[in-house]
Amino acid sequence: MGKSTIEDKIIEECDCLIQRFESYKGQQFDNIMIMNASVANIIVAIVFGHRFNYNDPIFLRLMSLINESLRLLAAPIVLLYNAFPFIGFLPGAHRRVMENVKEMDAFITESFVEHLEKLNANDQRSLIDTFLVRQKEEKSNPDTYFHDKNLKCVVRNLFTAGMETTSTSLRWGMLLMMKYPDIQRKVQEEIERVLGSAQARYEHRMRMPYTNAVIHEIQRFANILPMSIPHETATDVTFKGYFIPKGTAITVLLSSVLQDEAHFEKPNEFYPQHFLDSEGKFLKKEAFMPFSAGRRICAGETLARMELFIFFTSLLQKFTFRLPPGVTDVDVTPAEGFTLMPNPHMICAVARS
C-alpha cells in the first residue's frame, strides 16, 4: 500500500476519470458510479492485475451490489440479525445483503479459477496470483490461512473497503467545494502557484499546506465511518476501572474525537483552518483519526491518503465544481447507511483554461 508503483496506477486512473468528466462538457451529472469505478480500479489493479472499463456491465454490477449492501446494513432488521443470527430465516434486508455477498463470491471464485489456469510463479501479476502461489506452497499444512474461503473474504473486503470510503470522501470533497466556492478558489490558487500544469504527486502535499488542510477537513467534517468497524479484545483488559474480558466486541466512536471541541475550534462547521497554524503551515492533530486507531488501524490508510490527495488535487486543477442550473444551495445532510454518504445530487464540472 502506498508504494510508488501504486502512485503511477492512481495517476493513470485519474487521467481516465478526468476524460470522463470532460465528456460532460460542463453539463450536470451524477458522480457516484463514476467515482466508485475510478477508485475501485486502483484496488482492481492490485487484486486482479488489470482495470475495468467504466461501462463494463460486470464492473457496474459489482459496484451496485456493494452500494446496495452498504445502504442496507443500516436497516433495523440487519442490526437485529447481527445481534441475534437465529432470526436469519425471517424475510428482510439481511437476506438481500447475504444474497449480494454470494453473488460477489461467485465472481471472485470465477476470477481466481481463471488466475489459477494462467498462474506463473515467476510472474506474479496480482494479489490473487501471490495468494495462489502461497496456497500451493502450503498445501500440506492443515492450519494454513491460504485457502479458498479466506481468499474470497480478503478480496471481497479489499474491494468493498478500498472503493467505498475513498470514493465517498472525494464525493464529499466536490460537494463541499460547490458549497464553499471561496475555499475551492484558494485551493486552485495554491495548485497554480505550486504545480502550474504539472501532474500532482503525493510528495507535493508537503508544499501545499492549504490543499492538504482542506482534504483533512473534508475527512473530519464528513465523518463517513462515525463508529468505525467492530474490533475485539485480544486479552482481558481493565480500562478506566471497567473490566473487559477477552473476545469482547469493541466499537470505537470516531465522532467523539473528530468533533471534539477541545481539538477543533468549530467542530460542526467545515473549517480548513483546523489544520493550519498562525503562519499558514499544515498542522497535525492527534484527534484526527478517520482511519480508526490502534494496531488494527485501516490497512489501506497510506493508499487512501495518496488517492485522496492525487484525485482531489488533479480534479481541482482541471475543473471548477459548480451547482447545476436552478440549484441555489448544497445539502450536506448525510444519507443513512453503513457509511455516511452524501445524499443524491448532481454536479457540474466546468473545465478550467
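**Reading charged pairs and an annotated cysteine**

Mentor: In the UniProt record, an unreviewed entry, Cys 298 is listed under "binding site". Please keep in mind that the model before us is predicted.

Trainee: Where is Cys 298 placed relative to α10 and α11?

Mentor: Cys 298 sits in the loop that runs between α10 (255–258) and α11 (301–318).

Trainee: Is Cys 298 buried, partly exposed or exposed?

Mentor: Such a label follows from the relative accessible area: under 20% is buried, over 50% is exposed, and the range in between is partly exposed. Cys 298 has a value of 36%, and is therefore partly exposed.

Trainee: Let us turn to the charged residues. How many salt bridges does the structure hold?

Mentor: The general idea is that side chains of opposite charge can pair when their charged atoms come close. In this structure there are 15 salt bridges. One of them joins the side chains of Glu 7 and Arg 201, with an N to O distance of 3.5 Å. Glu 7 belongs to helix α1 (residues 4–23), whereas Arg 201 is in the loop between α8 (181–194) and α9 (209–222); the two are 194 residues apart, and the pair links distant parts of the chain.

Trainee: How accessible are Glu 7 and Arg 201?

Mentor: Glu 7 has a relative accessible area of 9%, so it is classed as buried. Arg 201, at 28%, counts as partly exposed.

Trainee: Which other residue forms a salt bridge with Arg 201?

Mentor: Asp 8 does, and the closest N and O atoms of that pair are 2.9 Å apart. Because Asp 8 lies in helix α1 and Arg 201 in the loop between α8 and α9, the pair ties together parts 193 residues apart in sequence. Asp 8 is partly exposed, at 43% relative accessibility.

Trainee: Which residue does the side chain of Lys 179 meet in a salt bridge?

Mentor: The partner is Asp 329, at 3.3 Å from N to O. This pair also links distant parts of the chain: Lys 179 is in helix α7 (residues 148–179), and Asp 329 is in the loop between β6 (319–322) and β7 (334–335), 150 residues apart.

Trainee: How do Lys 179 and Asp 329 stand in accessibility?

Mentor: Lys 179 is partly exposed, with a relative accessible area of 25%. Asp 329 reaches 52% relative accessibility and therefore counts as exposed, since the cut-off for that label is over 50%.

Notes
Residues are numbered from 1 along each chain as its sequence is written. This is a predicted model: local features need pLDDT of at least 70, side-chain atom pairs count only at pLDDT 80 or more; totals for chains, interfaces and linings use all residues. Side-chain values use heavy atoms; hydrogens and water are left out. UniProt positions are given in the numbering used here, feature names are shortened, and annotations may be inferred rather than shown by experiment. Helices (H or I, at least four residues) and strands (E, at least two) are DSSP runs, numbered from the N terminus. Buried means under 20% relative accessible area, exposed over 50%, partly exposed in between (1.4 Å probe, protein chains only). A salt bridge is a side-chain nitrogen of Lys or Arg within 4 Å of a carboxyl oxygen of Asp or Glu.
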